[in-house]
Amino acid sequence: MNGPDKQHIMNTYARYDLTLVSGEGCRVTDDRGGTYLDFGAGIAVSALGHGHPRLAEALAEQAKKLIHISNLYWNAPQAELARKLAENSGLDRVFFCNSGAEAVEGAMKLARRFGGARGRFEIIAMENSFHGRTFGAITATGQKKYQKGLEPLLPGVKHAVFNDIDSLRAAITPQTAAVLLEPIQGESGIRPAGREYLAQVARLCGDEGILFIADEVQCGCGRTGALFACQNYGVYPDVIVTAKGLAGGVPMGAILAREEVASAWGPGDHASTFGGGPLAAAAANVVIDELTGGVMENVRANGAYLMKKLVSISEKYPVVKEIRGMGFMLGMELDAPAREVVSRCMERGLLLIGAGERVLRFTPPLVAGAAEIDECAGILSGVLEAL
Ligand SMILES: Cc1ncc(COP(=O)(O)O)c(C=O)c1O
């Protein structure tokens, strides 16, 4: 983008020199008419891809009826969405908000409210985690680089080593209210929890009367081929937070909780002006219907196909160290800076994102098919060949 307008935007993002103006399916178009295969999906957000006809129509129809009413009144799309999320998660109640960080922040508040009556206030999060940029969420984030200059952070939050049950066991005290973790760590480099580890976390939390909160902001909403990543592991947290793909790109976050936990909140205890508004809820209802109506099957089938293609690339190019992840949330660890490869892929018409310094992240729209995966693999191979 040229011109003076952008000088009024705060300088908080290391943006690429690319202005996107439209999209269809897994493809986006820039302001010079260039097209790109979008395998980042706006950082794991655009679940149904771009310009999805049913999603666009639902938004247009709802916009003509009501965009916003506040939570002083009921709106039917919100209640319908809460029912669908409850039915598909096994949890009972939902609080709606507008972003991942807001959902994490709310879940931390809920854990303190629930545990407070029993003198429990501590929250144990994981090293190398990412939970968002609000004060509670950034305190839970186990990466110092995000916390620099913000001290003092929220008291009562500590960190254990991810995928190490002994480290978690050692961190627990009689004051521990909750364990907060990402079933698949996203921002730090697509690192899935081990099967046995996650089962042990759930068991330990259950035995100790500690809430198990899964941050599924990035790995939830169908991205791993199940509506929530924990379902792939057969574990059932007390609380799940999600956002990103939930409303297909319209801002929305959610906190899902068991009845007993949710009942720690009564009227006035938590709120969000825009949370669960009719417009975002109408979009999310379409997303959930599409996910449960066949899109998650696509993720399972084509996620396995993408994994196979990436593994075969890794066998050809020694710069690739490891392939990790599940469904359409895959990471390729490189022995080189990821940003350099991302830039070169962009020059050849493929949008990817990094995760940490040396991991390429593959989070395509959940509707991506074999032809698009072949195209992505072709471009990436060309870039690695020329590296
Ligand atoms: C696991 C996880 N939690 C929370 C967040 C914060 O979400 P948001 O950027 O919507 O506040 C993110 C964002 O990347 C995330 O990956």
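## A helix pair to start with

Let's begin with two helices: α2 passes α10 in a right-handed crossing. This is a predicted model, and in it helix α2 (residues 53-65) packs against α10 at an angle of about 155 degrees, with the axes 9 Å apart. Angles over 145 degrees count as roughly antiparallel, so α2 is roughly antiparallel to α10.

Which residues bring the two helices together? On the α2 side they are Arg54, Leu55, Ala58, Leu59, Gln62 and Ala63, and these meet Pro278, Leu279, Ala282, Ala283 and Val286 in α10.

## The nonpolar core

Helix α10 turns up again inside the protein. The largest nonpolar core has 120 residues, and Val179, Leu211, Ile213, Val239, Ile255 and Ala283 have the most contacts inside it. Helix α10 (residues 278-316) gives the most to this core, with 15 residues. At least three core residues come from each of domain 1 and domain 2.

Setting aside neighbours within four places in sequence, Leu211 is in contact with Ala111, Phe114, Ala177, Ala178, Cys205, Asp238, Val239 and Val261. One of these partners, Val239, is also listed among the core residues with the most contacts.

The protein chain is divided into domain 1 (5-51 + 294-386) and domain 2 (54-290). Taken over C-alpha atoms, the domain centres are separated by 25 Å. The contact takes 27 residues from domain 1 and 27 residues from domain 2.

What builds the side of domain 1 that touches domain 2? At least two residues each are supplied by α1 (41-44), α10, β13 (320-326), β14 (329-334) and β17 (359-362). The largest share of that side, five residues, comes from α10.

## Backbone details worth a look

Most residues other than glycine have a negative phi, and most peptide bonds are trans. Here are some departures from that pattern. A cis peptide bond, with omega of about 0 degrees, joins Glu151 and Pro152. Pro152 is placed in the loop between α5 (135-140) and β6 (157-160).

Ala41, found in helix α1, has a positive phi, near 55 degrees. Lys244 also has a positive phi, near 25 degrees, and is found in the loop between β11 (239-242) and β12 (253-257). Are these two residues buried or exposed? Ala41 has 28 other C-beta atoms within 10 Å, so Ala41 is buried. Lys244 is buried as well, because 29 other C-beta atoms lie within 10 Å.

How values were computed: Residues are numbered from 1 along each chain as its sequence is written. This is a predicted model: local features need pLDDT of at least 70, side-chain atom pairs count only at pLDDT 80 or more; totals for chains, interfaces and linings use all residues. A nonpolar core is a set of buried Ala, Val, Leu, Ile, Met, Phe, Trp, Tyr and Cys residues joined through C-beta atoms within 7 Å. A residue is buried if 20 or more other C-beta atoms lie within 10 Å of its own, exposed if 12 or fewer, and partly exposed in between; C-beta atoms are placed from the backbone. Helices (H or I, at least four residues) and strands (E, at least two) are DSSP runs, numbered from the N terminus. Domain bounds come from an automatic or database domain assignment. Two residues are in contact if their C-beta atoms, placed from the backbone, lie within 7 Å. Axes are lines fitted to C-alpha atoms, for helices over the stretch in contact, and angles run from 0 to 180 degrees between N-to-C directions. Angles under 35 degrees count as roughly parallel, over 145 as roughly antiparallel, 65 to 115 as roughly perpendicular and the rest as oblique. A crossing is left-handed if the near helix is turned anticlockwise from the far one by less than a right angle, and right-handed if clockwise.
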